[in-house]
Amino acid sequence: MNWLTNFVRPKIRALVGKRDIPENLWQSCPNCEKMIHHKDLVENLYICNQCNYHFRLDPTTRLNILFGKEEYNIIEIKNSFDDPLKFKDKKSYINRLKEYRKKTSHNDALSFASGNIENEKVIVGVLNFNFMGGSMGNAVGESFVKGVQLSLKEKTPFIIFTASGGARMQEGIISLMQMPRTVAATEILKKNAIPYIVILTNPTTGGVTASFAMLGDVTIAESGSIIGFAGKRVIQDTIREKLPDDFQTAEYLKTHGMVDIVINRKELKSTLSSIIKHLKNN
Amino acid sequence: MYDEDFLDFEQPVIELKKKFDSFLNENPNQHEKNNDLKKKIDDILKKIYSNLTPWQKVQVARHPKRPHTIDYIENLITDFIPLSGDKKYAEDKSIISGIGTFEKRSIMVIGTEKGNSTETRIKHNFGMAKPEGYRKVQRLYRLADKFNLPILTFVDTAGAFPGKEAEERGQSEAIANSISVSLNIKTPIISTIIGEGGSGGAIALATADKVLMLENSVYSVISPEGCASILWRDPNMVKQAANALNLTASNCSRLGVIDEIIPELPGGAHRNYNQTFVDVKKSINNNLQELLKINEEDLVSLRNEKYLNITSNLNQLP
């Protein structure tokens, strides 16, 4: 399958040079191109005040926004190995990993934290699109399973923010195996009636969407996020017809019955808190 | 035995075959010399097929005459009764399914079918399923679970269909839930990858107690073509991509992703239909007999443990 074609590559390219913006800089909205002062952007939770575009967040910003003034703990999950296939394309995978680790200060694309959302303890996972397009390889699968086990041990709701181009090609067939692996982990939550809430963020595609991301008890999507299985261009090339402008957006998915709630980032925390309270009330 | 659908790396065989045909035409009664030539062709095929590169295996796996799901059902299953539809939206003909008898036992059989002519390829959507296909799989898995029927799947697909309606009807949700249902079934599931095991479309039917793979089949997260154009930015780098992806049966076996390789005769399954059916049948049956000894509860928990821990010990590879 080539649903990654023309999708991850431009996205990864687009990321280069976009990080670590000093506070005195203006930034243009990727959607409406309006210039926004960094300070306004931070105050507005990285939402464009003109067009409502939700900027992509790195895990640290995401967790800071979610937990607000409350403390939270980053859960360090050590992964057992790197580069099982000794994969090399134009560059070796091991060197790519080193670069992304340096660039993001994260070991791989999935990080976990525990903390309280309005007095309810939760385990939160965040997929980092800045780390190789949030792609899922062994490390992501392994972390997901460990995150679920922790959630089970402490009987705390399991929340995950997704952002991913899909499977990590550099791990070949091993990356495909993370689909049943993560689904098997969600079965643990299901059997133990632990609330499992998925927040789909921009973009969530491929093997991540087609595994744990679509199995939440409640599925929330951030407004405007692109969510799908195959990439838009791949579909266009296959069926040779023009797709609607809002194809695969969170709103489009809701119309087609694929997500429960489309949400503005500012409403997310209170909504999450209410959902958890209801699910754990009786 | 020798068809005209030669692959590019089989060039030496083509030349000998031509020689053989013309000699046979002129000297139909020289049996000894005929047999000599025939043996030569066999020897060359044996030599070529003992050293196939990953990209060559991709070509063999996609060979239009390779036995398909329809052929396995016809040859391995008796009293086959096709069952159709997801009972929600539509019947997806890229997945063939039904109940039947395998080695004196009632079973559920499900597989992706690519078709083998222009007409049948279109009918089966080139083996690329839509959400209704995966939802049919879920329905029939549950049916098998209810009536204690072991499930046999045959996987041969480039992947799930990338289309507008497929997305609208929840392609991702359908695949995710097929995997989820597979993990909850209390009867044995045996999946055989008979040709192409393409990405999410394959894993939806290959989350199983035992995954078997024909020697020249391939199993991959992305096609070598897709991988070459994304990572190398050069569609001509398919051979390098095929090497790097570790998509052959021996790669998958070494990585612990599959449980058994079913050997193919020199020349591939498409030149040896009968022996292929015998070998696949034997392999499925051996695995089935073993799985039938395990009680329901253990079977489900073993399957879940298998996938929770899959690829977790790759650092201990030899």
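The side chains of B:Lys17 and B:Asp21 meet in a salt bridge with an N to O distance of 2.9 Å, a salt bridge being a side-chain nitrogen of Lys or Arg within 4 Å of a carboxyl oxygen of Asp or Glu. This is a predicted model, in which local features need pLDDT of at least 70 and side-chain atom pairs count only at pLDDT 80 or more, while totals for chains, interfaces and linings use all residues. Side-chain values use heavy atoms, with hydrogens and water left out. Both B:Lys17 and B:Asp21 belong to helix α1 of chain B, 4 residues apart, about one turn of the helix; helices (H or I, at least four residues) and strands (E, at least two) are DSSP runs numbered from the N terminus. B:Lys17 is buried at a relative accessible area of 10%, whereas B:Asp21 is partly exposed at 32% (buried, under 20% relative accessible area; exposed, over 50%; partly exposed, in between; 1.4 Å probe, protein chains only).

Over all chains, the structure holds 29 salt bridges. One of them joins the side chains of A:Glu222 and A:Arg265 at 2.9 Å, N to O. This pair links distant parts of the chain, with A:Glu222 in strand β8 (residues 218-222) and A:Arg265 in helix α11 (residues 265-279) of chain A, 43 residues apart. Both A:Glu222 and A:Arg265 are buried.

In chain B, the side chains of B:Arg271 and B:Glu10 form a salt bridge of 2.8 Å, N to O. B:Arg271 lies in the loop between β8 (260-262) and α13, and B:Glu10 in the segment before α1 (11-26), so the pair ties together parts that are 261 residues apart in sequence. B:Arg271 is buried, with a relative accessible area of 7%, and B:Glu10 is likewise buried, at 0%. A network of salt bridges links B:Arg62, B:Lys114, B:Asp156, B:Glu196 and B:Glu225.

Helix α14 of chain B (residues 296-309) comprises 14 residues and reaches 20 Å from its first C-alpha to its last, close to the 20 Å expected at 1.5 Å a residue (1.5 Å times one less than the number of residues). Its buried residues include B:Leu299, B:Val300, B:Arg303, B:Asn304, B:Tyr307 and B:Leu308. These cover an arc of only 165 degrees around the axis, which puts them on the same side of α14(B); the arc is that of the directions from the helix axis to the C-beta atoms. At the N-terminal end, α14(B) is capped by B:Asn295, a side-chain oxygen of which lies 3.1 Å from the backbone nitrogen of B:Glu297. The helix is followed by B:Thr311, whose phi is positive, near 65 degrees.

Notes
Residues numbered from 1 in each chain as written. Chains lettered and ligands numbered in written order. Polar contact = N/O pair within 3.5 Å; in protein donor to acceptor, adjacent residues only side chain to side chain.
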